[in-house]
Structure formats: structure tokens, C-alpha cells
Amino acid sequence: MEHIESFRAMDTGIDLIVIGGERPMLPFLEARLLFDQQEERFSRFRPSSLVSRLNRGETVADPWLDAILPLAVAAWEATDGLFNPLVLPALAAAGYDRTFSAVAGGAPVPLPAPGPPAAIERTASGWRLREGQLDLGGIVKGWTADLAAEHLAAAAAAPAMVNAGGDIRCIGEDAPGRGGWELAVEGPSGETAWSGIVAGALATSTTLRRRWTTADGRTAHHLIDPRTGLPAASPFVQVSVIAPTCREAETWAKAVLVGGHEGLDLAASRGIAALALAADGTPAPTPAWPS
């Protein structure tokens with residue numbers, strides 16, 4: 001039997017799924033609470049969040065920062081800077097300086113992001129930013145999907161899946177002997193671009209959804225190229241990545257989409273399973289992507 005719990009958090013739809021047994025009421029509640037707590041900790045739109053405090057210049061000591069900031073720096077290093085958590089000033093200049101439903105449009109200006117290893121510092125008193133401002137939204141969402149799925153599977157002693165707005169983490173298998181969960185990637189026009197078995201995580205990043213018209217009449221989206229400080233001018237409109245964790249999959253999906261062919265080549269050299277799609281649906285997979 002399939003048990004499903006759905007709600008909204010982090011400005012997206014969240015689905016929790018557990019296979020078999022009785023409905024896991026308490027684990028569902030705990031996973032939902034985790035998403036709410038993570039949003040309170042890391043949303044740049046909440047003045048009391050850890051991220052907002054760092055962005056105001058405070059030094060902040062917190063075990064959740066001890067967990068996520070080294071992961072964010074490691075993601076920057078692994079992607080040669082294509083993933084960069086310090087793009088917030090450029091994102092705000094492009095118009096995304098408030099929750100997406102209220103975005104009115106800005107005037108994008110080139111604001112290249114600093115490198116995290118030099119800008120994110122752990123002192124004896126806590127974490128601080130030496131330059132730039134943090135936006136941890138994507139990596140925190142993927143990381144939270146990992147934590148929630150792991151908790152659900154352990155607490156319910158059953159296969160579990162979490163889908164956080166396209167960031168999917170699977171544990172166990174959805175049918176005996178399948179070796180994972182059967183998932184599909186929807187293409188730009190709604191067609192099925194790929195389907196197969198995933199044991200781990202699948203994340204998709206796209207420039208087609210969070211888009212708006214800027215004050216100067218151009219179209220902008222939320223994926224900033226840290227090299228230019230502008231919305232990425234990518235030949236791809238969508239990238240999906242399969243990885244052991246949702247955090248890794250989300251990081252690389254964004255890096256490949258931002259980096260275009262350069263990002264795809266880098267992912268291929270790292271053995272990352274990525275599927276990039278052009279606007280007309282033309283696929284460009286890395287060798288590690290399952291056929």
C-alpha cells in the first residue's frame with residue numbers, strides 16, 4: 001500500500017511517500033515539521049533566519065550552519081564555481097528580491113559572485129561572511145529532502161520517497177525486485193523525456209518556471225551565472241541529474257544549466273549522470289546518464 005502526504009513548504013509542493021504497512025502518521029508529521037524548521041532557519045525572506053543574520057553582517061554560531069556551509073563550499077569547489085551560494089546581490093538586482101509571487105522585476109546588472117572559500121569564514125565565534133550574501137535555497141531544499149527521506153525510511157521501516165518540487169530522494173524500492181523507484185523526467189513541452197529506475201536521487205533544474213519581465217523589458221530567471229552576475233544565457237532550458245543524494249543532484253543540475261556546454265563537459269568529466277534538454281526537447285546526456 002502506498003501512503004502519501006502532501007503540503008507546501010519552501011515555496012513549492014512537497015510529497016512524502018511510504019510503501020507498505022500502516023500509515024506512518026508520526027513520521028509524516030516529523031518530516032513536515034523538518035521542512036518548516038529548515039525554511040525558518042535558511043529562508044532569505046525571513047529576517048530572523050540564520051541566512052538573513054549572516055547577510056546582515058552578524059557572526060552566527062549554529063550546528064545547522066556547521067552542517068550546511070561546508071557542503072555549500074564543497075559544491076562550489078566540485079563544480080569549479082558554477083554552483084555559487086553567494087549570488088544573492090545579483091539575484092536581487094534582477095528582481096528576485098522578494099518571494100517569487102511578488103517579484104515586480106529589476107534591472108539586471110553584472111555582479112559576479114565572490115568565491116565561497118575566501119568569503120565564507122568559520123571563526124572561533126561562529127560563521128561570518130567576509131563579502132557577498134548567501135542564498136542557500138536550492139541546496140537546502142535538496143539536503144532537506146535527503147534528511148526527510150532518510151528519517152521516513154528509518155522511522156517507518158519501509159521504502160520512502162520525498163519529492164520537493166522536483167528534487168526527489170528515494171530509499172529502498174517501490175516494488176519488490178525493482179532495485180529502486182520508477183521515475184520519469186518531463187520535457188519542456190510536457191513530453192516524457194526519460195523514464196527509468198532510480199536508486200538514490202533525481203533533481204531537475206529549469207529556466208522555464210521562475211521567470212519574470214524586468215524593469216527594462218527583458219526576461220529574467222532565477223538561475224544566476226556567478227561568472228557574469230546575470231541570469232544564465234544557457235543553450236539548455238532544463239537539466240536533470242541522478243546522484244546518490246538529492247543535495248548532489250540539485251547542485252549539479254544547477255551547475256550544468258548555468259554552465260551550458262562547459263557545465264555539461266565538466267559533469268561528464270566528473271562521471272555525473274546528467275540529461276540536458278534544449279528548448280525543443282533535444283537531449284544532451286552525459287555518458288553516465290542511463291539509456
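Select residues 181–186 and 192–198. These are strands S7 and S8, which pair in the antiparallel sense over six bridges. The model is a predicted one. Now pick Trp181: it stands opposite Val198 in S8. Move to the turn. Five residues lie between S7 and S8 in this hairpin. Gly190, in the turn, has a positive phi of about 95 degrees.

Next, show the cysteines. The structure holds zero disulfides. For Cys170, the nearest cysteine sulfur belongs to Cys246, 8.9 Å away. Cys170 counts as buried at 5% relative accessibility. Cys246 is buried too, with a relative accessible area of 0%.

Now turn to charged side chains. There are 19 salt bridges in the structure.

Select Glu58 and Arg53. Their closest N and O atoms are 3.0 Å apart, in a salt bridge. Glu58 is partly exposed at 29%, and Arg53 is partly exposed at 28%.

Go on to Glu150 and Arg169, a salt bridge of 3.2 Å, N to O. Glu150 sits in helix H6 and Arg169 in strand S6, so the pair ties together parts 19 residues apart in sequence. Glu150 is partly exposed at 37%, whereas Arg169 counts as buried at 10%.

Then select Glu262 and Arg227. This salt bridge has its closest N and O atoms 3.0 Å apart. The pair links distant parts of the chain, 35 residues apart: Glu262 in helix H7, Arg227 in the loop between strands S12 and S13. Arg227 is partly exposed at 39%.

Last stop: Glu5, Arg23 and Arg32. Salt bridges link them in a network.

How values were computed: Residues are numbered from 1 along each chain as its sequence is written. This is a predicted model: local features need pLDDT of at least 70, side-chain atom pairs count only at pLDDT 80 or more; totals for chains, interfaces and linings use all residues. Side-chain values use heavy atoms; hydrogens and water are left out. Two strands pair if DSSP finds at least two bridges between them. Helices (H or I, at least four residues) and strands (E, at least two) are DSSP runs, numbered from the N terminus. A disulfide is a pair of cysteine sulfur atoms within 2.5 Å. Buried means under 20% relative accessible area, exposed over 50%, partly exposed in between (1.4 Å probe, protein chains only). A salt bridge is a side-chain nitrogen of Lys or Arg within 4 Å of a carboxyl oxygen of Asp or Glu.
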